[in-house]
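Let us go through this protein in short questions and answers. Please keep the sequence and the model side by side.

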Amino acid sequence: VQLQASGGGSVQAGGSLRLSCAASGRSFSNYFVGWFRQAPGKEREFVATISWSVGSTLYADSVKGRFTISRDNAKNTVSLQMNSLKPEDTAVYYCAARQGLSTLGSLYAYWGQGTHVTVSR
């Protein structure tokens, strides 16, 4: 399984970014794809996850209402639309995949490389 994250960048507070995670290497029908982030000096934290097969989603409270996770089965991609960005959203964002729902990064078997998101005041 290969995951390729992209779409990071720098934006001012209140702005938007869209991250993408391209998945390849196997069928993902039983998988959940999640986004995690790690800010400098902080532990990695869960952001959102989506069921590849039925599209059910789960969000961290800190991003609920601002971020939207979605998937495009035909393109094998999962996207994270981030609106109303805040400086505290600044972090390296990672996509990851596992079979079954979880918010624990340690339970995700497959990881993409990180993509940097910087939100300035």
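Q: Is Cys21 buried or exposed?
A: This is a predicted model, where local features need pLDDT of at least 70, side-chain atom pairs count only at pLDDT 80 or more, and totals for chains, interfaces and linings use all residues. Residues are numbered from 1 along each chain as its sequence is written, and side-chain values use heavy atoms, with hydrogens and water left out. Buried means under 20% relative accessible area, exposed over 50%, and partly exposed in between (1.4 Å probe, protein chains only). Cys21 has 1% relative accessibility, so Cys21 is buried.

Q: Which residue forms a disulfide with Cys21?
A: A disulfide is a pair of cysteine sulfur atoms within 2.5 Å. Here the two sulfur atoms are 2.2 Å apart. The partner of Cys21 is Cys95.

Q: How many residues apart in sequence are the parts that Cys21 and Cys95 tie together?
A: Strands (E, at least two residues) are DSSP runs, numbered from the N terminus. Cys21 lies in strand S3 (residues 17–24) and Cys95 in strand S9 (residues 91–99). The pair therefore ties together parts 74 residues apart in sequence.

Q: What is the relative accessible area of Cys95?
A: Cys95 counts as buried. Its relative accessible area is 0%.

Q: Why is the pair of Phe36 and Phe46 edge-to-face?
A: Rings of Phe, Tyr and Trp (its six-membered ring) pair if their centres lie within 6.5 Å; planes under 30 degrees apart count as stacked, over 60 as edge-to-face and the rest as tilted. The structure holds 6 aromatic pairs. In this one the centres are 5.8 Å apart, and the pair is edge-to-face because the planes stand at 70°.

Q: Which residues form one aromatic cluster?
A: Phe36 and Phe46 belong to the cluster.

Q: What is the relative accessible area of Ser79?
A: Ser79 is found in strand S8 (residues 77–82). Its contacts (heavy atoms within 4.5 Å) include Trp35 and Ile69. Ser79 is buried, with a relative accessible area of 8%.

Q: How many strands are there in the protein?
A: There are 0 helices. From the N terminus on, the elements run β-β-β-β-β-β-β-β-β-β-β. The number of strands is 11.

Technical notes:
Helices (H or I, at least four residues) and strands (E, at least two) are DSSP runs, numbered from the N terminus. Lists of a residue's contacts leave out its neighbours within four places in sequence.
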